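Hi everyone, thanks for coming. Let me put the model on the screen, and then I'll walk you through it.

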Amino acid sequence: MLDLNKIKEFFKKPSNLILIGILILALVIRLYYFNTNQAVWWDEAEYLLEAKHLAFGTPNTGFGEVRPILLSFILSLFYRFGGTEITSRIIILLFSILGVYLTYLVGKEFFNKNVGLIAAFLLSIFYLDVFNTLRILVDIPGTTIILLIIYLFWKGYYSNKKYIYWFGIAFAIGFMMRFTTVLYLLAILLYLLITEQLRFLKVKELLIAGILSFLVALPYFIWSQLTYG
């Protein structure tokens with residue numbers, strides 16, 4: 001059941017109204033440039049080709065073996081239920097809006113709400129983010145998941161340890177979406193070494209997060225080995 005009092009309290013806070021305004025602005029800008037009739041790039045075509053292969057078993061000749069599989073797998077699920085290229089573009093659009101919101105959360109956690117709002121606003125109008133939202137590539141989903149990884153790590157390490165478990169799961173998802181996500185894990189490890197020395201090794205939640213991350217990615221490793229050797 002919806003708690004009407006909580007909803008009223010939510011809308012009474014100016015910062016929440018500003019955040020909603022930023023998200024609406026981000027959506028309007030992206031919809032303004034949203035063109036469902038544009039030709040797909042070669043890279044986009046590969047992800048869509050693999051998505052149709054996973055959904056219908058059609059030949060995937062031309063799909064690069066070095067490409068991550070998760071985006072194509074997600075799109076294939078929608079293809080199975082009648083999705084089209086337009087559906088794929090809408091999915092990227094939703095990732096983009098989520099990325100703006102996560103930017104706010106990260107800024108709020110690192111500093112304060114004002115910083116989060118400013119950062120979210122800047123991303124909502126940032127031309128590279130808008131440009132990449134128009135393409136069915138891993139750039140926008142990958143960036144969004146990286147923001148989620150950073151948020152869950154910070155929230156988990158400094159506020160509530162249970163978030164660390166979700167950090168591990170998110171990292172595995174991010175890796176399968178875009179392999180360069182590993183670089184952000186290295187950045188986090190470097191940060192821990194500088195700020196905590198080796199004390200972070202005693203945080204059992206990080207070990208469990210690592211195990212969870214491996215288990216989530218394990219089906220992909222097995223599939224990749226069986227499919228491509």
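First, some housekeeping. This is a predicted model, where local features need pLDDT of at least 70 and side-chain atom pairs count only at pLDDT 80 or more, while totals for chains, interfaces and linings use all residues. Residues are numbered from 1 along each chain as its sequence is written, and side-chain values use heavy atoms, with hydrogens and water left out.

Let's begin with charges. A salt bridge here is a side-chain nitrogen of Lys or Arg within 4 Å of a carboxyl oxygen of Asp or Glu. How many salt bridges does that rule give? The count comes to nine.

One of them joins the side chains of Arg89 and Glu44, at 3.7 Å from N to O. When I say helix, I mean a DSSP run of H or I with at least four residues, numbered from the N terminus. Are these two partners buried or exposed? Arg89 counts as buried because its relative accessibility is 2%, and Glu44 counts as buried because its value is 0%. For the cut-offs, buried means under 20% relative accessible area, exposed means over 50%, and partly exposed is in between, using a 1.4 Å probe and protein chains only. Arg89 and Glu44 also belong to a network of salt bridges that links Glu44, Glu85, Arg89 and Arg135.

Next, the side chains of Arg67 and Glu46 form a salt bridge at 2.8 Å, N to O. Arg67 sits in the loop between α3 and α4 (70-80) and Glu46 in helix α3, so this pair ties together parts that are 21 residues apart in sequence. Both Arg67 and Glu46 are buried.

Because Lys155 lies in helix α8 and Glu109 in helix α5, the pair ties together parts that are 46 residues apart in sequence. Lys155 counts as buried, because its relative accessible area is 19%.

Keep Glu109 in view, please, and turn to Ser159. You'll find Ser159 in the loop between α8 (139-158) and α9 (162-177). Leaving out residues up to four places away in sequence, Ser159 touches Glu109 and Trp154, where contact means heavy atoms within 4.5 Å. Ser159 and Glu109 are 50 residues apart along the chain, and their C-alpha atoms are separated by 9.8 Å. Why does Ser159 count as exposed? Because its relative accessible area is 52%.

The structure holds one cavity of 30 Å³ or more. The elements giving two or more residues to the lining of the largest cavity are α5 (85-110) and α8. Which of them supplies the largest share? That is α8, with four residues. Among the lining residues are Phe95, Gly99, Leu123 and Ile140.

The largest pocket is lined by 18 residues, and Phe167, Leu189, Leu206, Leu207 and Gly210 lie nearest its centre. At least two lining residues each come from α9, α10 (182-196) and α11 (204-228), and α11 gives the most, with six.

Between α10 and α11 there is a loop that contains Gln197. Most residues other than glycine have a negative phi. Gln197 has a positive phi, near 55°. Gln197 is partly exposed, because its relative accessible area is 41%.

Last stop, the surface. Helix α1 (residues 4-12) gives the most to a nonpolar patch, with four residues. Phe11 is in helix α1, and Phe11 counts as partly exposed because its relative accessibility is 41%.

That's my tour, so over to you for questions.

Definitions and conventions. On a 1 Å grid over the protein atoms alone, a cavity is a set of points where a 1.4 Å probe fits but cannot get out, and a pocket is an open set with protein on both sides within 12 Å along at least five of seven lines; lining residues have an atom within 4 Å of a point. Grid points are joined across faces, edges and corners, and a volume is the space filled by probe spheres set on the points.
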